[in-house]
Amino acid sequence: MKFEGGEELMRTLGMLLGWPRARGVVRCRRFTAFLLLLSSAGMAQNSNPKFKVLVLAEAASIHKPFVDAAKPWLQKQAAEHNFSVDYIQKTDTIDEAFLSHYQLFIQLDYPPYGWTPTAAASFIKYIEEGRGGWIGFHHASLLGEFDGYQMWPWFSQFMGGIRFTDYIAKFATAKVVVEDSGHPAMKGVNGSFVVDQEEWYTWDKSPRPHVNVLAHVDESTYSPDTPLKMGGDHPVIWSNPHYKARNIYIFMGHHAELFRNSAFTTIFSNSILWAAGQ
């Protein structure tokens with residue numbers, strides 16, 4: 001590596017840094033190393049994240065492959081869009097002070113029950129006061145009485161007043177139809193896209209009267225067909241405008257293969273930036 005005026009600059013730097021006298025290649029190597037050190041320091045100084053993301057995901061569940069696939073994908077997104085990501089596997093650490101460090105809460109694979117009372121109260125305040133954004137996937141709409149826990153009424157209202165009823169246990173491929181193409185989360189997404197082998201949930205009612213539906217699944221396209229349907233109005237992506245926090249629920253989230261679905265990853269990426277207020 002050759003630098004114009006390098007010889008004089010190296011002598012000056014050598015005096016300032018207390019380098020012993022050296023010649024040729026040795027001196028050049030020292031100078032190069034010094035420049036790399038300066039460059040690294042500059043990069044570190046410019047690497048302060050624009051926002052911080054908290055991801056809540058169970059340590060072990062049937063959805064673990066989805067979580068495992070999400071982590072490297074999120075790391076790549078973080079590098080591209082300059083944000084940081086922290087992961088927790090239970091709600092014990094969540095309180096107001098803890099959440100104050102994060103501009104976005106991603107409920108990647110965690111149900112709306114079994115939270116500590118402090119975590120639940122802090123999360124409610126975080127959402128109702130708009131202290132940060134929220135993205136929920138799949139398991140977040142598992143609303144009802146599960147594993148010895150009662151349903152969390154506030155969370156049900158947050159999700160549009162729904163209660164879980166059933167799911168397609170044998171999975172089905174289906175077409176998802178975009179309804180609100182103008183929403184930032186749907187930017188760059190075609191009018192419809194196919195999701196392979198998902199365990200589509202059903203609820204006791206459509207959340208539509210209480211939320212802004214961004215997309216629904218076309219139940220007539222289920223393959224294989226199934227009698228488990230919601231009568232045609234089956235939202236799968238929505239946002240609840242009645243809360244200060246920017247929020248979006250994305251039903252899909254069972255298989256790791258979703259991270260090879262460009263429509264899904266586009267929606268996820270868009271949602272991160274929108275919900276974080278970017």
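User: What percentage of the 278 residues in the protein do buried residues make up?

Analyst: This is a predicted model, in which local features need pLDDT of at least 70 and side-chain atom pairs count only at pLDDT 80 or more, while totals for chains, interfaces and linings use all residues. Residues are numbered from 1 along each chain as its sequence is written, and side-chain values use heavy atoms, with hydrogens and water left out. Buried means under 20% relative accessible area, exposed over 50% and partly exposed in between, with a 1.4 Å probe and protein chains only. Of the 278 residues, the buried share is 49%.

User: How far apart are the end C-alpha atoms of helix 3?

Analyst: The expected span of a helix is 1.5 Å times one less than its number of residues. For the 18 residues of helix 3 this should come to 26 Å, which agrees with the end C-alpha separation of 25 Å.

User: Which residue follows helix 3 with a positive phi?

Analyst: The buried residues of helix 3 include Phe66, Trp73 and Leu74, and their cover includes strand 1, strand 2 and helix 7 (262–275). After helix 3 the phi is positive, near 60 degrees, at Asn82.

User: Over the face of which ring does Lys52 lie?

Analyst: Lys52 stands opposite Ser84 in strand 2. A charge sits over a ring if NZ of Lys or CZ of Arg is within 6 Å of the ring centre and within 35 degrees of the ring normal. At 5.3 Å from the ring centre, Lys52 lies over the face of Tyr102.

User: What is the relative accessible area of Phe155?

Analyst: Phe155 is found in helix 6 (residues 153–158). Leaving aside neighbours within four places in sequence, Phe155 has contacts (heavy atoms within 4.5 Å) with residues including Gln107, Phe123 and Trp134. Phe155 is buried because its relative accessible area is 0%.

Notes:
Pairing = 2+ DSSP bridges. Helix = DSSP H or I, 4+ residues; strand = E, 2+ residues; numbered from the N terminus.
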